[in-house]
Amino acid sequence: QSIFWCMAAAIAPLLLAMLFGLPETAPYPRPPAPRPASYVGNFAFLLSQRHFSVHLLAILCIQIAIFAFVTNSSFVLITALGFSPGEFGLIYGAVMFGHVIGAAVGARTVRRRGINDTIRLGGLISFAAGAVLTAFAWAGVNQVLAITIPLFFMLYGTALIVPHAMAAAMSPYPDMAGAASSLVGIAQLLGGAVISYVLGVLFDGTPRPLATAIALSGLA
């Protein structure tokens, strides 16, 4: 229950700020809502554009690695490797800190190297981290540092990919920002659902399926 109390405590000030500090910017009278058919047409147009599709695939591929970690790390670390729930929480927090650092560094990197080079760098880091994690997993090295350090850098790499690929995918289509954002969200959730199910089926009591999925995601 404490998880939900913490979420409520975080959301309450945001709700107050939205109600009393965020002015409405929609025009009045508001334009008519678009018809569902127009969304289908926008989706088809966006998917036909190579610029959008390439960045959408980059997000989808690396999001699979993120969802693989989020949904299966507890099974691997607690059920397979015997860490306590408290230890798992510390490991999880340490690994996710890599994403925080990557987001901060990525904001500077993109100004120096541009969006596409930043995305490529994130892909290389994520794949290298996944490959190291996979090598340790298949060699039977189940020490905590052999798991947390590669996962830390994997999450670091994802932070160089997702926000910048999102910006690159959406920026040429400001009139379709809603449709573009929806497609990205659909791809992320579908990818997460599929990899969560697949890893649940393949779970063999070792970190090998999770590690291999992360490496293949970075490679893709």
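**Before starting**

The model is predicted, with local features needing pLDDT of at least 70 and side-chain atom pairs counting only at pLDDT 80 or more, while totals for chains, interfaces and linings use all residues. Residues are numbered from 1 along each chain as its sequence is written, and side-chain values use heavy atoms, with hydrogens and water left out.

**Whole chain**

Show the protein chain as a cartoon and colour by secondary structure. The protein chain has eight helices and zero strands, and its elements run α-α-α-α-α-α-α-α from the N terminus on. Helices (H or I, at least four residues) and strands (E, at least two) are DSSP runs, numbered from the N terminus. The C-alpha trace spans about 65 × 40 × 40 Å along its principal axes.

Switch to a surface view. The accessible surface of the protein chain is about 12700 Å², and 72% of that belongs to carbon and sulfur atoms. Accessible areas come from the Shrake-Rupley method with a 1.4 Å probe; for residues, only the protein chains shown count as cover. Of the 220 residues, 34% are buried. Buried means under 20% relative accessible area, exposed over 50%, and partly exposed in between (1.4 Å probe, protein chains only).

Contacts come next, a contact being heavy atoms within 4.5 Å. Among contacts with a separation of 6 or more, 81% are between residues 24 or more positions apart.

**Stop 1**

Select Ile-3, Phe-4, Met-7, Ile-11, Leu-15, Leu-16, Met-18, Leu-19, Phe-20 and Leu-22, which make a nonpolar surface patch of about 1100 Å². Patches are made of residues with over 30% relative accessible area and no salt bridge; like charges are joined within 9 Å, and nonpolar side chains (Val, Leu, Ile, Met, Phe, Trp, Tyr) within 5 Å. Ile-3 is found in helix α1, residues 2-21. Ile-3 counts as exposed because its relative accessibility is 59%.

**Stop 2: Ser-53 in helix α3**

Move to Ser-53, placed in helix α3 (residues 50-80). Its relative accessibility is 17%, so Ser-53 counts as buried. Leaving out residues up to four places away in sequence, Ser-53 touches Leu-46 and Leu-47.

**Stop 3: the largest pocket**

Grid points are joined across faces, edges and corners, and a volume is the space filled by probe spheres set on the points.

The largest pocket has a volume of about 380 Å³. Its lining has 19 residues, and Val-54, Ala-58, Ile-119, Arg-120 and Ala-220 lie nearest its centre. α3, α5 (115-139) and α8 (208-219) each supply at least two lining residues. The largest share, eight residues, comes from α3.

**Stop 4: helix α5**

Select Asp-117 and Arg-120, which form a salt bridge with the closest N and O atoms 2.7 Å apart. A salt bridge is a side-chain nitrogen of Lys or Arg within 4 Å of a carboxyl oxygen of Asp or Glu. Both residues lie in helix α5, three residues apart, about one turn of the helix. Asp-117 is partly exposed because its relative accessible area is 33%, whereas Arg-120 counts as exposed at 51% relative accessibility.

Thr-118 is buried, with a relative accessible area of 0%. Not counting residues up to four places away in sequence, Thr-118 touches Thr-109, Val-110, Arg-113, Leu-160 and His-164.

**Stop 5: the other salt bridge**

The count of salt bridges is two. Select Asp-204 and Arg-208, whose side chains meet in a salt bridge at 3.4 Å, N to O. Asp-204 counts as partly exposed at 41% relative accessibility, and Arg-208 is partly exposed at 26%.

**Stop 6: the cavity**

A search of the whole structure finds one cavity of 30 Å³ or more. The largest cavity has a volume of about 40 Å³. Select Ser-73, Val-76, Leu-77, Leu-133, Ile-147, Leu-151, Pro-207, Leu-210 and Ala-211 to show its lining. The elements giving two or more residues to this lining are α3, α6 (144-170) and α8. The largest share, three residues, comes from α3.

Technical notes
On a 1 Å grid over the protein atoms alone, a cavity is a set of points where a 1.4 Å probe fits but cannot get out, and a pocket is an open set with protein on both sides within 12 Å along at least five of seven lines; lining residues have an atom within 4 Å of a point.
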